[in-house]
Amino acid sequence: MTVRQLAVAAIAAAALVPPARVEGTPTICLFQRVTGKPCPSCGLTRSWSATAHGRLRTALAHHPFGPPTFFAAVLIALQGPTLIDRAVLRDPRIATALGSLWLVTWLSRLWRTGQGPASVLPIRMPSAQ
Ligand SMILES: [Zn+2]
C-alpha cells in the first residue's frame with residue numbers, strides 16, 4: 001500500500017464512519033490505559049472524524065493537529081506525497097519545528113486538564129517544603 005492509498009483509506013474511513021460512533025467508543029490508546037493520561041496523539045481519530053464531517057470546532061477540541069493533518073492527507077491523496085515530502089519531511093528545520101510544536105501542544109493539553117507532565121512520570125517528585 002502506498003502513502004497515497006493509505007491517505008485515501010484514512011480519509012474514507014473518517015468520512016464514512018459517523019462521528020457519534022467514533023466518539024462513543026472507549027479509547028484503545030495503550031498509553032492512556034496504562035497511565036490514565038492522554039498520549040500526544042490521543043483525540044486524533046475523533047478529530048479526523050469531526051473534520052471529515054465539517055465540525056471544525058469539535059475537531060480542534062479533540063486535537064489541535066487533527067484538521068491540519070487531515071488536510072495534509074487530502075493533499076497527499078490528491079497529489080501524492082511529493083509536495084509534503086519535499087516541503088516538510090526533507091527539511092530538518094521544518095520537521096524539528098513541527099515535532100516541537102506537537103510536543104508543546106501535548107504538554108499544554110496535559111496542563112489544561114490539570115495533568116501536568118510530572119504526573120505522567122513513573123517517579124515521584126519531592127515536594128518543596
Ligand atoms: Zn493516546
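Visitor: In what order do the elements of the protein chain run from the N terminus on?
Guide: Elements are DSSP runs, numbered from the N terminus: helices (H or I) need at least four residues and strands (E) at least two. Here the order is α-α-α-α-α-α-α-α, with eight helices and zero strands. Residues are numbered from 1 along each chain as its sequence is written. This is a predicted model, in which local features need pLDDT of at least 70 and side-chain atom pairs count only at pLDDT 80 or more, while totals for chains, interfaces and linings use all residues.

Visitor: What is the mean pLDDT of the protein chain?
Guide: The term pLDDT denotes the predictor's confidence in each residue, from 0 to 100. The chain has a mean of 84, and 85% of its residues reach 70 or more.

Visitor: Which elements have the lowest and the highest mean pLDDT?
Guide: Helix H7 (residues 82-89) has the lowest, 72, and helix H4 (residues 44-52) has the highest, 95.

Visitor: Where does pLDDT stay under 50?
Guide: As a general principle, where pLDDT is low, the predicted coordinates should not be read in detail. In this model the value stays under 50 over residues 117-125. That stretch has seven contacts beyond four places in sequence, a contact being two residues whose C-beta atoms, placed from the backbone, lie within 7 Å.

Visitor: How many of the residues of H8 are buried?
Guide: A residue is buried if 20 or more other C-beta atoms lie within 10 Å of its own, exposed if 12 or fewer, and partly exposed in between, with C-beta atoms placed from the backbone. Of the 21 residues of H8, one is buried, so the helix lies largely in the open. Over the protein chain, buried residues make up 16% of the 129 residues.

Visitor: What distance does H8 reach from its first C-alpha to its last?
Guide: The expected span of a helix is 1.5 Å times one less than its number of residues. Helix H8 (residues 92-112) reaches 30 Å, close to the 30 Å expected.

Visitor: At what angle do the axes of H1 and H6 cross?
Guide: Axes are lines fitted to C-alpha atoms, for helices over the stretch in contact, and angles run from 0 to 180 degrees between N-to-C directions. The axes of helix H1 (residues 3-16) and helix H6 (residues 66-79) come within 8 Å and cross at roughly 130°. Angles under 35 degrees count as roughly parallel, over 145 as roughly antiparallel, 65 to 115 as roughly perpendicular and the rest as oblique. H1 and H6 are therefore oblique to each other. Among the residues that meet are Val3, Ala7 and Ile11 in H1, and Phe70 and Val74 in H6.

Visitor: Is the crossing of H4 and H6 left-handed or right-handed?
Guide: A crossing is left-handed if the near helix is turned anticlockwise from the far one by less than a right angle, and right-handed if clockwise. The crossing of H4 and H6 is right-handed, whereas H1 passes H6 in a left-handed crossing. The axes of H4 and H6 come within 8 Å and cross at roughly 65°, and the two helices are therefore roughly perpendicular to each other. Leu44, Ser47, Trp48, Thr51 and Ala52 in H4 meet Gly66, Pro67 and Phe70 in H6.

Visitor: At what angle do H1 and H4 pack?
Guide: The angle is about 75°, with the axes 8 Å apart. The contact is made by Ile11, Ala14 and Ala15 of H1 and Trp48, Ser49 and Ala52 of H4.

Visitor: Does Pro67 count as buried, partly exposed or exposed, and what is its number of C-beta neighbours?
Guide: Pro67, in helix H6, counts as partly exposed, with 18 C-beta neighbours inside 10 Å. Beyond four places in sequence, Pro67 is in contact with Ser47, Thr51, Leu56, Ala59 and Leu60.

Visitor: Where is the place of Phe65?
Guide: Phe65 is in the loop between helix H5 (56-62) and H6. With 22 C-beta neighbours inside 10 Å, Phe65 counts as buried. Leaving aside neighbours within four places in sequence, Phe65 is in contact with Leu44, Trp102 and Thr105. The C-alpha atoms of Phe65 and Leu44 are separated by 7.4 Å, although the two are 21 residues apart along the chain.
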